[in-house]
Amino acid sequence: MIFRSNLFSFRSLLHYRRCYSSSQLHDVYIYNSTNKALEKFEPKYPGTIFWYSCGPTVYDSSHIGHASTYVTFDIIHRILKHVFNYNIVLMMGITDIDDKIIQRSQKEQVHYLEISKKYEQEFIGDMQKLNVQPPTIYARVSDHIPLIINFIQKLIDDKFAYACPSGSVYFDMNRYGEKNEYKHHRMNEQGVSSLETDILNEKRNIRDFALWKGRDESSHELKFKSPWGYGRPGWHIECSVMASRTFGSHLDIHSGGLDLVFPHHANEILQSTAYHEIKTWAKYWLHAGLLNTKSMDEKMSKSLNNTILIRDMLKTYTSTQFRLFCLMHDYRSPRSFESAAIQQALFVDKLFKAFFDTVQACQKGLVDISSLSEAETISKIRNTQDEIVDVLANNFDTPSAMTHLQELVHWINSHMNYDIRDNENSIKNTPTCALYLAVDFIQSWLQIFGIDMSISGHQNQNTSSDRILLENVVEKSVQFRTNIRDISRRRSVTNEDNPKKVILQECDDYRLQMKYLGIDIKDRHQGSTWSFKK
Ligand SMILES: [Zn+2]
(Lines give C-alpha, C1' and ligand atoms only; values in the text may rest on other atoms or scores of the structure.)
Protein backbone atom coordinates (compact mmCIF):
# COMPACT_ATOMS: atom_id res chain seq x y z
CA MET A 1 0.00 0.00 0.00
CA ILE A 2 1.22 3.47 -0.85
CA PHE A 3 0.21 6.16 1.58
CA ARG A 4 0.44 9.69 0.25
CA SER A 5 0.29 12.83 2.31
CA ASN A 6 -2.54 15.27 1.92
CA LEU A 7 -2.19 18.86 3.03
CA PHE A 8 -5.91 19.45 2.91
CA SER A 9 -6.71 16.88 5.55
CA PHE A 10 -4.25 18.68 7.78
CA ARG A 11 -6.03 21.93 7.06
CA SER A 12 -9.23 20.48 8.38
CA LEU A 13 -7.32 20.00 11.63
CA LEU A 14 -6.52 23.68 11.57
CA HIS A 15 -10.17 24.52 11.08
CA TYR A 16 -11.06 24.40 14.74
CA ARG A 17 -8.59 27.20 15.37
CA ARG A 18 -10.24 29.34 12.74
CA CYS A 19 -13.58 28.95 14.50
CA TYR A 20 -12.48 31.07 17.40
CA SER A 21 -9.94 33.32 15.74
CA SER A 22 -10.59 36.38 13.61
CA SER A 23 -9.74 36.58 9.91
CA GLN A 24 -6.05 35.83 10.56
CA LEU A 25 -5.24 32.52 12.12
CA HIS A 26 -2.80 33.59 14.79
CA ASP A 27 -0.74 36.65 15.76
CA VAL A 28 2.80 36.31 14.49
CA TYR A 29 5.83 37.99 16.10
CA ILE A 30 8.92 38.72 14.05
CA TYR A 31 12.34 40.03 15.03
CA ASN A 32 12.70 43.23 13.05
CA SER A 33 16.36 44.07 12.38
CA THR A 34 15.68 47.79 11.90
CA ASN A 35 14.30 48.21 15.40
CA LYS A 36 16.31 45.35 16.87
CA ALA A 37 13.16 44.05 18.58
CA LEU A 38 10.48 41.39 18.40
CA GLU A 39 7.37 43.00 16.87
CA LYS A 40 3.84 41.92 16.12
CA PHE A 41 3.63 41.25 12.40
CA GLU A 42 1.13 43.64 10.86
CA PRO A 43 1.49 43.86 7.10
CA LYS A 44 -0.17 46.78 5.31
CA TYR A 45 -2.99 44.63 3.97
CA PRO A 46 -4.10 41.93 6.46
CA GLY A 47 -3.52 38.47 5.06
CA THR A 48 -1.18 39.71 2.31
CA ILE A 49 2.60 40.00 2.24
CA PHE A 50 4.74 41.93 -0.23
CA TRP A 51 8.23 40.52 0.18
CA TYR A 52 11.54 41.35 -1.49
CA SER A 53 14.54 39.08 -1.10
CA CYS A 54 18.08 39.92 -2.14
CA GLY A 55 19.25 37.15 -4.45
CA PRO A 56 22.67 35.88 -5.47
CA THR A 57 25.41 37.63 -7.40
CA VAL A 58 25.74 35.17 -10.24
CA TYR A 59 29.48 35.01 -10.95
CA ASP A 60 30.24 31.48 -9.70
CA SER A 61 28.64 28.25 -8.47
CA SER A 62 26.49 28.59 -5.36
CA HIS A 63 27.84 27.22 -2.08
CA ILE A 64 26.16 25.89 1.04
CA GLY A 65 26.15 29.39 2.55
CA HIS A 66 23.63 30.31 -0.16
CA ALA A 67 21.79 27.02 0.44
CA SER A 68 21.49 27.81 4.14
CA THR A 69 20.09 31.32 3.57
CA TYR A 70 17.57 30.38 0.87
CA VAL A 71 16.40 27.12 2.50
CA THR A 72 15.89 29.08 5.73
CA PHE A 73 13.77 31.75 4.02
CA ASP A 74 11.93 29.05 2.07
CA ILE A 75 10.92 27.50 5.40
CA ILE A 76 9.72 30.91 6.70
CA HIS A 77 7.86 31.52 3.42
CA ARG A 78 6.11 28.14 3.70
CA ILE A 79 5.19 28.78 7.34
CA LEU A 80 3.66 32.19 6.60
CA LYS A 81 1.80 30.75 3.62
CA HIS A 82 0.58 27.40 4.91
CA VAL A 83 0.38 27.87 8.68
CA PHE A 84 -0.62 31.53 8.98
CA ASN A 85 -2.56 31.65 5.71
CA TYR A 86 -0.91 34.64 4.07
CA ASN A 87 -1.05 35.34 0.35
CA ILE A 88 2.48 36.26 -0.60
CA VAL A 89 4.16 37.99 -3.51
CA LEU A 90 7.85 37.15 -3.23
CA MET A 91 10.33 38.87 -5.52
CA MET A 92 13.98 37.93 -5.73
CA GLY A 93 16.59 40.26 -7.21
CA ILE A 94 19.41 38.65 -9.17
CA THR A 95 22.63 40.66 -9.36
CA ASP A 96 23.77 40.01 -12.91
CA ILE A 97 25.89 43.15 -13.24
CA ASP A 98 28.74 43.28 -10.77
CA ASP A 99 32.50 43.81 -10.69
CA LYS A 100 33.14 40.09 -10.08
CA ILE A 101 30.98 39.09 -13.09
CA ILE A 102 32.75 41.64 -15.26
CA GLN A 103 36.21 40.49 -14.11
CA ARG A 104 35.30 36.89 -14.92
CA SER A 105 33.88 37.78 -18.35
CA GLN A 106 37.10 39.70 -19.14
CA LYS A 107 39.25 36.78 -17.98
CA GLU A 108 37.27 34.24 -20.02
CA GLN A 109 36.75 36.70 -22.90
CA VAL A 110 33.00 36.15 -23.06
CA HIS A 111 30.05 38.51 -22.77
CA TYR A 112 29.17 39.28 -19.14
CA LEU A 113 25.62 37.96 -19.65
CA GLU A 114 27.09 34.60 -20.70
CA ILE A 115 28.67 34.32 -17.26
CA SER A 116 25.64 35.59 -15.36
CA LYS A 117 23.09 33.47 -17.28
CA LYS A 118 25.17 30.33 -16.76
CA TYR A 119 25.41 30.78 -13.01
CA GLU A 120 21.84 32.03 -12.68
CA GLN A 121 20.59 28.79 -14.27
CA GLU A 122 22.90 26.80 -12.03
CA PHE A 123 21.57 28.64 -8.96
CA ILE A 124 17.94 27.96 -9.96
CA GLY A 125 18.82 24.27 -10.53
CA ASP A 126 20.50 24.07 -7.11
CA MET A 127 17.44 25.63 -5.45
CA GLN A 128 15.19 23.06 -7.15
CA LYS A 129 17.36 20.25 -5.81
CA LEU A 130 17.02 21.76 -2.33
CA ASN A 131 13.21 21.93 -2.79
CA VAL A 132 13.23 25.72 -2.44
CA GLN A 133 10.04 27.08 -3.95
CA PRO A 134 10.77 29.62 -6.66
CA PRO A 135 9.80 33.24 -5.95
CA THR A 136 6.75 34.73 -7.63
CA ILE A 137 9.07 36.94 -9.70
CA TYR A 138 12.78 37.05 -10.47
CA ALA A 139 14.17 40.49 -11.29
CA ARG A 140 17.54 41.11 -12.93
CA VAL A 141 19.67 44.24 -12.77
CA SER A 142 20.41 44.06 -16.51
CA ASP A 143 16.69 44.55 -17.24
CA HIS A 144 16.47 47.64 -15.06
CA ILE A 145 19.22 50.02 -16.25
CA PRO A 146 16.86 52.77 -17.58
CA LEU A 147 14.79 52.59 -14.36
CA ILE A 148 17.95 52.77 -12.24
CA ILE A 149 19.03 55.89 -14.14
CA ASN A 150 15.59 57.50 -13.62
CA PHE A 151 15.66 56.61 -9.91
CA ILE A 152 19.08 58.20 -9.46
CA GLN A 153 18.03 61.27 -11.47
CA LYS A 154 15.08 61.85 -9.12
CA LEU A 155 17.43 61.63 -6.13
CA ILE A 156 19.68 64.23 -7.81
CA ASP A 157 16.68 66.46 -8.61
CA ASP A 158 15.57 66.23 -4.96
CA LYS A 159 19.15 67.07 -3.87
CA PHE A 160 19.63 63.71 -2.13
CA ALA A 161 22.43 62.84 -4.55
CA TYR A 162 25.11 64.67 -6.52
CA ALA A 163 27.06 63.88 -9.68
CA CYS A 164 30.86 64.37 -9.84
CA PRO A 165 33.00 65.26 -12.85
CA SER A 166 34.09 61.60 -13.03
CA GLY A 167 30.49 60.66 -13.92
CA SER A 168 29.96 58.97 -10.54
CA VAL A 169 26.89 59.83 -8.47
CA TYR A 170 26.83 59.68 -4.67
CA PHE A 171 24.08 59.66 -2.10
CA ASP A 172 24.33 62.78 0.07
CA MET A 173 24.19 61.72 3.72
CA ASN A 174 24.30 65.27 5.10
CA ARG A 175 21.32 66.32 3.03
CA TYR A 176 19.45 63.18 4.11
CA GLY A 177 20.25 63.96 7.77
CA GLU A 178 18.83 67.48 7.39
CA LYS A 179 15.48 66.15 6.19
CA ASN A 180 15.11 62.84 8.00
CA GLU A 181 15.58 61.28 11.36
CA TYR A 182 18.12 58.52 11.56
CA LYS A 183 16.50 56.76 14.44
CA HIS A 184 14.62 54.28 12.27
CA HIS A 185 17.82 53.37 10.45
CA ARG A 186 19.61 51.75 13.32
CA MET A 187 21.18 49.18 11.06
CA ASN A 188 23.41 52.01 9.84
CA GLU A 189 25.45 52.11 13.03
CA GLN A 190 28.52 50.33 11.87
CA GLY A 191 30.13 53.33 10.23
CA VAL A 192 31.80 53.41 6.86
CA SER A 193 32.23 50.41 4.64
CA SER A 194 35.82 49.76 3.61
CA LEU A 195 34.48 49.31 0.07
CA GLU A 196 33.71 53.00 -0.04
CA THR A 197 37.04 54.32 1.16
CA ASP A 198 38.77 53.97 -2.22
CA ILE A 199 36.62 56.69 -3.73
CA LEU A 200 36.74 59.17 -0.90
CA ASN A 201 38.50 61.86 -2.91
CA GLU A 202 35.48 63.15 -4.75
CA LYS A 203 32.86 62.42 -2.10
CA ARG A 204 31.54 65.34 -0.03
CA ASN A 205 31.21 63.20 3.08
CA ILE A 206 32.95 60.04 4.21
CA ARG A 207 29.54 58.32 4.66
CA ASP A 208 28.25 59.13 1.17
CA PHE A 209 27.98 56.05 -1.03
CA ALA A 210 27.98 55.44 -4.78
CA LEU A 211 24.70 55.19 -6.68
CA TRP A 212 26.43 55.21 -10.06
CA LYS A 213 30.06 54.38 -10.79
CA GLY A 214 31.37 56.61 -13.58
CA ARG A 215 33.57 55.01 -16.25
CA ASP A 216 35.60 56.68 -18.95
CA GLU A 217 33.95 56.62 -22.39
CA SER A 218 37.08 55.08 -23.90
CA SER A 219 37.22 52.33 -21.26
CA HIS A 220 36.65 48.76 -22.46
CA GLU A 221 34.79 47.96 -19.25
CA LEU A 222 31.05 47.33 -19.24
CA LYS A 223 29.31 50.71 -19.19
CA PHE A 224 25.93 52.30 -19.89
CA LYS A 225 25.12 55.80 -21.07
CA SER A 226 23.57 58.09 -18.46
CA PRO A 227 22.90 61.84 -18.10
CA TRP A 228 26.13 62.02 -16.01
CA GLY A 229 28.32 60.17 -18.47
CA TYR A 230 29.11 56.49 -18.97
CA GLY A 231 29.12 54.11 -16.05
CA ARG A 232 27.23 51.39 -14.25
CA PRO A 233 24.99 51.12 -11.18
CA GLY A 234 26.36 50.94 -7.65
CA TRP A 235 25.49 47.76 -5.82
CA HIS A 236 22.77 48.99 -3.42
CA ILE A 237 20.64 50.98 -5.85
CA GLU A 238 19.55 47.90 -7.82
CA CYS A 239 17.44 46.37 -5.04
CA SER A 240 15.70 49.68 -4.27
CA VAL A 241 14.79 50.08 -7.94
CA MET A 242 13.74 46.48 -8.62
CA ALA A 243 11.62 46.29 -5.45
CA SER A 244 10.08 49.74 -6.05
CA ARG A 245 9.15 48.81 -9.60
CA THR A 246 6.92 45.99 -8.36
CA PHE A 247 5.91 47.07 -4.87
CA GLY A 248 6.04 50.87 -5.13
CA SER A 249 6.68 52.72 -1.88
CA HIS A 250 5.73 49.90 0.49
CA LEU A 251 7.19 46.50 1.33
CA ASP A 252 6.09 44.27 4.19
CA ILE A 253 9.25 42.13 4.36
CA HIS A 254 12.75 42.60 3.04
CA SER A 255 15.12 39.70 3.62
CA GLY A 256 18.70 38.64 3.12
CA GLY A 257 21.73 37.13 4.82
CA LEU A 258 23.12 38.79 7.93
CA ASP A 259 26.15 39.98 5.94
CA LEU A 260 23.87 42.32 3.96
CA VAL A 261 22.76 44.40 6.97
CA PHE A 262 25.52 46.92 6.35
CA PRO A 263 26.15 48.56 4.02
CA HIS A 264 23.75 47.02 1.51
CA HIS A 265 20.44 47.14 3.39
CA ALA A 266 21.25 50.27 5.37
CA ASN A 267 21.89 52.10 2.11
CA GLU A 268 18.78 50.64 0.48
CA ILE A 269 16.72 52.14 3.30
CA LEU A 270 18.33 55.56 2.89
CA GLN A 271 17.94 55.85 -0.86
CA SER A 272 14.42 54.33 -0.93
CA THR A 273 12.97 56.47 1.85
CA ALA A 274 14.53 59.53 0.17
CA TYR A 275 13.15 58.57 -3.23
CA HIS A 276 9.63 57.81 -2.01
CA GLU A 277 9.70 60.67 0.52
CA ILE A 278 8.52 58.37 3.32
CA LYS A 279 9.75 57.37 6.75
CA THR A 280 9.39 53.62 6.37
CA TRP A 281 9.88 51.72 3.14
CA ALA A 282 10.25 48.05 4.11
CA LYS A 283 8.44 47.51 7.41
CA TYR A 284 10.14 44.28 8.58
CA TRP A 285 13.76 43.38 7.87
CA LEU A 286 14.62 39.69 8.29
CA HIS A 287 18.20 38.46 8.33
CA ALA A 288 19.34 34.85 8.31
CA GLY A 289 22.37 33.85 10.38
CA LEU A 290 25.42 32.96 8.33
CA LEU A 291 26.74 29.48 7.83
CA ASN A 292 30.25 29.07 9.12
CA THR A 293 32.80 26.45 8.45
CA LYS A 294 34.14 24.50 11.41
CA SER A 295 35.20 27.57 13.26
CA MET A 296 32.17 29.58 14.40
CA ASP A 297 33.79 32.90 13.52
CA GLU A 298 35.03 31.98 10.08
CA LYS A 299 32.40 32.93 7.54
CA MET A 300 32.19 30.78 4.44
CA SER A 301 33.42 32.85 1.53
CA LYS A 302 34.99 32.46 -1.87
CA SER A 303 37.83 34.77 -0.89
CA LEU A 304 38.75 32.57 2.08
CA ASN A 305 38.65 29.53 -0.19
CA ASN A 306 36.69 27.56 2.36
CA THR A 307 33.48 27.01 0.44
CA ILE A 308 31.55 23.78 -0.16
CA LEU A 309 29.47 23.85 -3.34
CA ILE A 310 25.80 22.84 -3.06
CA ARG A 311 26.30 20.09 -5.65
CA ASP A 312 29.23 18.65 -3.65
CA MET A 313 27.29 18.76 -0.38
CA LEU A 314 24.40 16.88 -2.06
CA LYS A 315 26.79 14.02 -2.92
CA THR A 316 27.10 13.32 0.82
CA TYR A 317 23.76 14.47 2.26
CA THR A 318 20.21 14.52 0.92
CA SER A 319 18.34 17.79 0.53
CA THR A 320 16.02 16.58 3.33
CA GLN A 321 18.97 16.15 5.69
CA PHE A 322 20.25 19.64 4.85
CA ARG A 323 16.74 21.09 5.38
CA LEU A 324 16.49 19.34 8.74
CA PHE A 325 19.86 20.90 9.63
CA CYS A 326 18.35 24.34 8.84
CA LEU A 327 15.07 23.60 10.66
CA MET A 328 16.95 22.64 13.79
CA HIS A 329 18.77 25.98 14.01
CA ASP A 330 17.38 29.33 15.05
CA TYR A 331 17.17 31.17 11.74
CA ARG A 332 18.90 34.33 13.02
CA SER A 333 21.85 32.61 14.72
CA PRO A 334 25.11 31.71 13.06
CA ARG A 335 25.32 28.01 12.31
CA SER A 336 28.30 25.80 11.88
CA PHE A 337 28.30 23.06 9.26
CA GLU A 338 30.29 20.65 11.37
CA SER A 339 29.95 17.10 12.50
CA ALA A 340 27.80 17.35 15.68
CA ALA A 341 25.16 19.58 14.07
CA ILE A 342 24.97 17.42 10.95
CA GLN A 343 24.77 14.23 13.04
CA GLN A 344 21.79 15.71 14.88
CA ALA A 345 20.00 16.29 11.53
CA LEU A 346 20.88 12.76 10.38
CA PHE A 347 19.51 11.36 13.63
CA VAL A 348 16.15 13.12 13.18
CA ASP A 349 16.00 12.01 9.52
CA LYS A 350 16.50 8.44 10.71
CA LEU A 351 13.87 8.85 13.44
CA PHE A 352 11.16 9.84 10.93
CA LYS A 353 12.20 7.13 8.45
CA ALA A 354 12.12 4.48 11.19
CA PHE A 355 8.68 5.74 12.24
CA PHE A 356 7.30 5.35 8.71
CA ASP A 357 8.94 1.89 8.50
CA THR A 358 7.12 0.90 11.67
CA VAL A 359 3.81 2.16 10.29
CA GLN A 360 4.39 -0.04 7.26
CA ALA A 361 4.99 -2.95 9.61
CA CYS A 362 1.70 -2.13 11.40
CA GLN A 363 -0.12 -2.28 8.08
CA LYS A 364 1.13 -5.82 7.72
CA GLY A 365 0.11 -6.79 11.23
CA LEU A 366 3.71 -7.15 12.39
CA VAL A 367 3.41 -4.64 15.23
CA ASP A 368 0.75 -4.41 17.91
CA ILE A 369 -0.68 -0.90 18.47
CA SER A 370 -3.73 -1.90 20.48
CA SER A 371 -2.63 0.38 23.35
CA LEU A 372 -2.84 3.47 21.08
CA SER A 373 -6.23 4.94 21.93
CA GLU A 374 -8.06 7.07 19.41
CA ALA A 375 -9.22 9.70 21.92
CA GLU A 376 -5.77 10.01 23.46
CA THR A 377 -4.09 10.27 20.05
CA ILE A 378 -6.50 12.97 18.86
CA SER A 379 -5.94 14.95 22.05
CA LYS A 380 -2.16 14.53 21.78
CA ILE A 381 -2.22 15.71 18.15
CA ARG A 382 -4.32 18.76 18.99
CA ASN A 383 -1.96 19.72 21.81
CA THR A 384 1.06 19.23 19.57
CA GLN A 385 -0.67 21.28 16.88
CA ASP A 386 -1.23 24.18 19.31
CA GLU A 387 2.33 23.97 20.61
CA ILE A 388 3.85 23.98 17.12
CA VAL A 389 1.72 26.88 15.89
CA ASP A 390 2.58 28.87 19.03
CA VAL A 391 6.34 28.40 18.70
CA LEU A 392 6.27 29.18 14.97
CA ALA A 393 4.33 32.37 15.73
CA ASN A 394 7.22 33.34 18.00
CA ASN A 395 9.71 34.41 15.32
CA PHE A 396 9.55 31.09 13.45
CA ASP A 397 11.02 28.94 16.22
CA THR A 398 11.47 25.84 14.06
CA PRO A 399 13.91 24.07 16.46
CA SER A 400 11.12 23.94 19.09
CA ALA A 401 8.57 22.87 16.45
CA MET A 402 10.85 19.99 15.46
CA THR A 403 11.20 19.00 19.12
CA HIS A 404 7.39 18.82 19.47
CA LEU A 405 7.13 16.65 16.33
CA GLN A 406 9.86 14.33 17.60
CA GLU A 407 8.11 14.06 20.97
CA LEU A 408 4.92 12.95 19.19
CA VAL A 409 6.87 10.29 17.28
CA HIS A 410 8.46 9.05 20.53
CA TRP A 411 5.02 8.97 22.19
CA ILE A 412 3.55 6.84 19.39
CA ASN A 413 6.63 4.61 19.34
CA SER A 414 6.08 3.99 23.05
CA HIS A 415 2.71 2.37 22.12
CA MET A 416 4.22 0.01 19.56
CA ASN A 417 4.59 -3.55 20.71
CA TYR A 418 6.86 -5.68 18.57
CA ASP A 419 6.39 -8.82 20.66
CA ILE A 420 3.26 -10.18 18.99
CA ARG A 421 3.72 -13.93 19.47
CA ASP A 422 0.89 -14.23 21.96
CA ASN A 423 -1.73 -12.09 20.31
CA GLU A 424 -1.01 -12.51 16.59
CA ASN A 425 -4.63 -13.05 15.70
CA SER A 426 -6.13 -10.25 17.76
CA ILE A 427 -3.86 -7.45 16.42
CA LYS A 428 -5.09 -7.96 12.87
CA ASN A 429 -8.51 -6.76 14.09
CA THR A 430 -7.18 -3.70 15.96
CA PRO A 431 -8.31 -0.40 14.40
CA THR A 432 -5.32 1.57 13.10
CA CYS A 433 -6.99 4.89 12.29
CA ALA A 434 -5.40 6.64 15.32
CA LEU A 435 -2.00 5.72 13.93
CA TYR A 436 -2.91 7.05 10.47
CA LEU A 437 -4.16 10.29 11.96
CA ALA A 438 -0.74 10.74 13.52
CA VAL A 439 0.93 9.76 10.24
CA ASP A 440 -1.12 12.36 8.35
CA PHE A 441 -0.32 14.99 10.98
CA ILE A 442 3.44 14.33 10.94
CA GLN A 443 3.60 14.06 7.15
CA SER A 444 1.63 17.28 6.77
CA TRP A 445 3.94 19.23 9.08
CA LEU A 446 7.02 17.85 7.33
CA GLN A 447 5.45 18.83 4.02
CA ILE A 448 4.79 22.37 5.28
CA PHE A 449 8.48 22.58 6.16
CA GLY A 450 9.37 21.38 2.64
CA ILE A 451 10.07 17.71 3.40
CA ASP A 452 8.13 15.01 1.57
CA MET A 453 8.08 11.64 3.29
CA SER A 454 5.72 8.75 2.71
CA ILE A 455 5.33 5.39 4.40
CA SER A 456 6.79 3.50 1.50
CA GLY A 457 10.04 4.78 0.06
CA HIS A 458 10.21 7.62 2.65
CA GLN A 459 10.65 10.42 0.19
CA ASN A 460 7.92 11.47 -2.17
CA GLN A 461 10.16 13.53 -4.39
CA ASN A 462 9.60 11.32 -7.42
CA THR A 463 5.94 10.48 -7.63
CA SER A 464 5.87 9.57 -11.33
CA SER A 465 3.81 6.60 -12.51
CA ASP A 466 7.08 4.69 -13.08
CA ARG A 467 8.02 5.22 -9.46
CA ILE A 468 4.60 4.05 -8.25
CA LEU A 469 4.87 0.93 -10.45
CA LEU A 470 8.32 0.23 -9.05
CA GLU A 471 7.06 0.61 -5.47
CA ASN A 472 4.17 -1.78 -6.19
CA VAL A 473 6.48 -4.39 -7.76
CA VAL A 474 8.89 -4.17 -4.85
CA GLU A 475 6.02 -4.47 -2.39
CA LYS A 476 4.64 -7.61 -4.09
CA SER A 477 8.10 -9.14 -4.42
CA VAL A 478 8.88 -8.61 -0.75
CA GLN A 479 5.48 -10.11 0.17
CA PHE A 480 6.18 -13.12 -2.06
CA ARG A 481 9.56 -13.61 -0.41
CA THR A 482 7.96 -13.38 3.04
CA ASN A 483 5.38 -16.03 2.11
CA ILE A 484 8.07 -18.40 0.82
CA ARG A 485 10.07 -17.89 4.01
CA ASP A 486 6.97 -18.58 6.09
CA ILE A 487 6.34 -21.80 4.19
CA SER A 488 9.94 -22.91 4.60
CA ARG A 489 9.71 -22.12 8.33
CA ARG A 490 6.38 -24.00 8.30
CA ARG A 491 4.60 -21.14 9.99
CA SER A 492 1.67 -20.89 7.62
CA VAL A 493 1.60 -24.44 6.29
CA THR A 494 -0.44 -27.06 8.06
CA ASN A 495 0.89 -30.61 8.35
CA GLU A 496 -1.60 -31.80 5.79
CA ASP A 497 -0.31 -29.31 3.19
CA ASN A 498 2.16 -30.28 0.61
CA PRO A 499 4.85 -27.54 0.78
CA LYS A 500 5.75 -27.97 -2.88
CA LYS A 501 2.16 -27.42 -3.90
CA VAL A 502 1.85 -24.34 -1.64
CA ILE A 503 5.02 -22.82 -3.09
CA LEU A 504 3.74 -23.34 -6.63
CA GLN A 505 0.46 -21.71 -5.63
CA GLU A 506 2.42 -18.72 -4.30
CA CYS A 507 4.32 -18.53 -7.61
CA ASP A 508 1.06 -18.52 -9.56
CA ASP A 509 -0.37 -15.87 -7.28
CA TYR A 510 2.76 -13.72 -7.74
CA ARG A 511 2.45 -14.05 -11.52
CA LEU A 512 -1.18 -12.94 -11.28
CA GLN A 513 -0.27 -9.92 -9.09
CA MET A 514 2.36 -8.91 -11.64
CA LYS A 515 -0.20 -9.25 -14.42
CA TYR A 516 -2.46 -6.74 -12.61
CA LEU A 517 0.50 -4.39 -12.51
CA GLY A 518 0.99 -4.73 -16.28
CA ILE A 519 3.83 -7.26 -16.25
CA ASP A 520 3.46 -10.57 -18.14
CA ILE A 521 5.49 -13.46 -16.70
CA LYS A 522 5.73 -16.54 -18.95
CA ASP A 523 7.03 -19.88 -17.67
CA ARG A 524 9.19 -21.73 -20.18
CA HIS A 525 11.13 -24.96 -20.06
CA GLN A 526 14.40 -23.25 -19.31
CA GLY A 527 12.98 -20.65 -16.93
CA SER A 528 10.66 -17.67 -17.02
CA THR A 529 10.59 -14.53 -19.16
CA TRP A 530 8.73 -11.30 -18.58
CA SER A 531 7.49 -8.33 -20.61
CA PHE A 532 5.36 -5.25 -20.06
CA LYS A 533 1.78 -5.82 -21.16
CA LYS A 534 0.90 -3.75 -24.24
ZN1 LIG B 1 19.87 43.49 -2.31
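**Exercise 1. In this predicted model, which handedness does the crossing of H13 and H15 have, and which residues make the contact?**

Solution. 
- Step 1: The crossing of H13 and H15 is left-handed.
- Step 2: H13 contributes Leu405, Leu408, Val409 and Ile412 to the contact. H15 contributes Ala438, Ile442 and Trp445.
- Step 3: Sort these residues by class. The contact of H13 with H15 has 7 nonpolar residues, no polar and no charged.

**Exercise 2. Classify the relative direction of H13 and H15.**

Solution. 
- Step 1: Locate the helices. H13 covers residues 398-413, and H15 covers residues 433-448.
- Step 2: Take the geometry. The packing angle is about 155 degrees, and the axes are 11 Å apart.
- Step 3: Apply the cut-off. Angles over 145 degrees count as roughly antiparallel.
- Step 4: Conclude. H13 and H15 are therefore roughly antiparallel to each other.

**Exercise 3. Describe the open sheet of 5 strands: its order, its edges and its pairing.**

Solution. 
- Step 1: Write the order. It runs S6-S7-S8-S10-S9, with antiparallel pairing.
- Step 2: Find the edges. S6 (161-163) and S9 (224-226) each pair on one side only.
- Step 3: Neighbouring strands are turned by 35 degrees against each other on average, direction ignored.
- Step 4: Inspect one pair. S7 (residues 169-171) and S8 (residues 209-214) pair antiparallel over 3 bridges. Phe171 stands opposite Phe209 in S8.

**Exercise 4. Which strands does helix H5 touch?**

Solution. 
- Step 1: H5 spans residues 145-157 and packs on the sheet.
- Step 2: H5 touches S6, S7, S8, S9 and S10 (229-233).
- Step 3: The direction of H5 makes about 105 degrees with that of S6.

Definitions and conventions: Residues are numbered from 1 along each chain as its sequence is written. This is a predicted model: local features need pLDDT of at least 70, side-chain atom pairs count only at pLDDT 80 or more; totals for chains, interfaces and linings use all residues. Axes are lines fitted to C-alpha atoms, for helices over the stretch in contact, and angles run from 0 to 180 degrees between N-to-C directions. Helices (H or I, at least four residues) and strands (E, at least two) are DSSP runs, numbered from the N terminus. Angles under 35 degrees count as roughly parallel, over 145 as roughly antiparallel, 65 to 115 as roughly perpendicular and the rest as oblique. A crossing is left-handed if the near helix is turned anticlockwise from the far one by less than a right angle, and right-handed if clockwise. Two residues are in contact if their C-beta atoms, placed from the backbone, lie within 7 Å. Ala, Val, Leu, Ile, Met, Phe, Trp, Tyr, Cys and Pro count as nonpolar, Asp, Glu, Lys and Arg as charged, and the others, Gly among them, as polar. Two strands pair if DSSP finds at least two bridges between them.
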